[in-house]
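Please examine the following structure, with attention to its chain interface and its aromatic pairs.

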Amino acid sequence: MKILVVGCGKIGTAIISSLLREGHDVVAIDNNPSVMAELNNLYDIMSVCGNGADCDTLSEAGVQSARLVVAVTDSDELNMLCCFLARRMGAHHTIARIRNPEYNDQSLSFMRSELHLSMPINPELQAAKEIYNILKLPAAVNIEKFSGRNFEMAELLLKDDSPLNGMYIYDVRRKFPGRYLICVVGREENVFIPDGNFILKSGDRIGITAPVTEMPKLLKTLGLAQKSAKNIMILGASKTAYYLAKMLSSGNNNVKIIELNRNRCEEFCQALPSTMIVHGDGADQELLLEEGIKGMDAFVSLTGMDEENILISIFASLQNVPKVISKVNRDSLAAMAEKLGLETILSPRKIVSDILSSYARALENSEGSKIETLYKIMDDKAEALEFNVQSDFVYKEKSLKELTFKNNILVAGIIRGKKNIIPSGDDYILPGDKVIVIAAGHRLNDLSDIIK
Amino acid sequence: MNRRMILHTAGKTALIEAVLLILPLIVSLIYKEKSAVAFIITIGIALILGALASIVAKPRTNTIYAKEGFIIVTLAWITLSVIGCLPFIISGAIPNFFDAIFETVSGFTTTGSSILRNVEALPKGLLFWRSFTHWVGGMGILVFVMAILPNVSDRSIHIMRAEVPGPVVGKLVPKVKDTAKILYLIYIGITLTEIVLLICGGMGIFDSFIHSFGTAGTGGFGIRTDSIASYNPYSQWVITIFMLLFGLNFNYFYLFLMKKFKPVLKSAELWTYLGIFATASALITINIYPSLNNLSLAIRQSCFQVASIVTTTGYATTDFNLWPTFSKGIIFILLFLGGCAGSTAGGLKMSRIVLMFKALKRELQKALHPRSAKAVLFEGKRVEEGVLNSLGIYFILYMACIGIIFLILCLEREFDILSNLTATITCINNVGPGFGAVGPASNFADYNWFSKIILSFAMLMGRLEFYPIILTFSLSAWKK
């Protein structure tokens, strides 16, 4: 499928790389020739140098035959104009990055319909939502929500003192009954879809799917619970910080933001009256101690510098802050930060490229069972997908135990109307259901791909 | 450095060559020639070596960088030439190894210089193989590998850049693999058209294939000692037109098929190319008309020779050694030019020449108005200073290589300066014939083995545009 990516900054490059891994034909547009030359050396793409909102450039890039146009330049307005033009010139679907908070209110849906945008994306808002979810359930390293927001998958890290260490999965199920499923285990470099005979070890990352309402109770019975964070310190008054603080301020939370730039501080004071803004250098450990980092429930590092985020997060962990979340955009640094002992690392780039991968895959597969959401989990080594089951699904007559699945595939949940089903062998997949599938080492396009 | 990947690709090249050798094998079986045995033995050797190399050196990762790209291309071409010369040696048609290597390299690099004194004596199968190497070498063997094999590296653009002639490689579609496929389809399509047109004009089927391969790769191996001269005027005109077509940038054909005529018709490179062809033909026609006294013959001879030299093909319908000096001078200049970038032609390439003259014009203007700010524009886009700089460097390298190889050739006592100089130029530009002792009516047989190796090297350097060969044989490329 032919996809145009306009704007090849950090996010653009991440999108290009993930779309290429999905096997799409990518044409990149950017106005910086040296960026284009570099990209051409790294990726198998075609590049067009020029202004993304210029019709000539767009038609040179072949917008007429493009299924999808993704505009992710620095400027929201340019992205919108580019998508509008691309749509008029024949592109089937358009996605624009719109991240200015002023546009991200009621006006967004109006703009979206007027510009015929298929989807606006806002990496900062997405990142803030994800951090918010984790702060609500701090035991989890990562949380992915499926449609209807009633079903989620939490990624947990088994610490040395976890009661699950050394247990068989079927023992876990017997000892801690409930509506959940341990559906994926990451151990060092490998990812497993475990069966009953799998033994859990300390240091494993496990993925548990369960209905949202039962997750806190479940974590308590498993002895993994942590109380949700109330006192939160955020470093860096970025856009993500703004969205996050806004979400947190609606609850009974105590949020403190530390920012070096005076003007940013003042803007934030105006936009977030109930939040405490501290003007000072977050890299200054004295300042952090003075602002009471030791008493915080959570510390979120959101400055623009990956390195700074990593180092200050390590300092926060050393001060025994129970939950430390750091934003790291570069993949190589994220892997290193994990080795240094940081548990929860968040990358807006990755969030956006996940969204785009799933969007593109769903487009590619316009017939059959549509992909509703797709998450790359366990360092991209496995995927959690949600499918909409269509009425022509071939295997609706058969119960799960009668079907033979491919290796390393698991049906982790079925959402039928308002009911959430943790599937057992006797359940059926019926048209109209949403089915959550965990797959390692496959590239699934359609629900029937899971069957041998 | 990813040495496994380098060896692996060389192995794959050998395997592909084994497959390609089946075609001449079929030809020699059709004509019931003994050379079939030579082909079977060569295929066996290529299969064994290729399988060994690609199995023993199974790459752990297929990531390559610019450095690997250069080395892969060089080694692949050397593998190709060494295996390709085996049928000549085994069958006894060209018993000497250095002669066989010269002939094969001349084939793959689409030069068309020959050491054969009597071409007509060669078996049909070998003649077919000799011309087929032109066709394979014209578009590039690794581009072919990329087009048909799965799992090419993400960064295979480095290979394409090293193999496809021209200063910059423009992709037609996002994926290298698909671009390679489209290029080959266009290539095959035009070649088939030429074969059909030649057969319609009364040329034999075998001859039509041979001459179409020679035209397509802009090579120039014929099967008669007098090249194309004894064929009818219709065939000569068809070959003239197709030589010109194969000297065009292949992107034009793609754009034409996509019904995008504007960028093609506005292309400065295209008009320079056609302009040079028209001017040179006209001047030569005027110059040779008095001695021929036949206008249509004069036009036909001058157009054919000019098209043949400017596209670096090297076919001939007359011996231009006997032309007046002015015409010879024009032909001498044309030896350097070459076709458009992205074609199968050798030489400097039109786009480089256009750019160099534009840069020259700007420098002159700067001398008059030191503060003037002026960009060099090419095909409607601004050319970056870096590109202009590397163009100048390329030209220096090109002249230096000509100089060095010329000096080495002069060590031989038998030949005069003109022969040695034009032999060097014609080999580096992959043209074929030169002047004096290496003119269209004569051949390279009298050079000694050392000169033949040096000239083979020159042809490879010219075909791969210097950098790959020079970098592969420089120590710093192999340092950790």
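Q: How many residues of chain B are in contact with chain A?
A: This is a predicted model in which local features need pLDDT of at least 70, side-chain atom pairs count only at pLDDT 80 or more, and totals for chains, interfaces and linings use all residues. Residues are numbered from 1 along each chain as written, chains are lettered from A and ligands numbered from 1 in the order written, and side-chain values use heavy atoms, without hydrogens and water. Contact means heavy atoms within 4.5 Å. Against 17 residues of chain A, the number from chain B is 16.

Q: Which side chains meet in a salt bridge between chain B and chain A?
A: A salt bridge requires a side-chain nitrogen of Lys or Arg within 4 Å of a carboxyl oxygen of Asp or Glu. The count between chain B and chain A is 1. At 3.0 Å, N to O, the partners are A:Asp25 and B:Lys175.

Q: Is B:Phe206 buried or exposed?
A: B:Phe206 pairs with B:Tyr31 at 5.7 Å centre to centre, with 75 degrees between the planes, an edge-to-face aromatic pair (ring centres of Phe, Tyr and the six-membered ring of Trp within 6.5 Å; planes under 30 degrees apart are stacked, over 60 edge-to-face, the rest tilted). Buried means under 20% relative accessible area, exposed over 50%, and partly exposed in between, with a 1.4 Å probe and protein chains only. B:Tyr31, at 38%, is partly exposed. Because its relative accessible area is 9%, B:Phe206 is buried.
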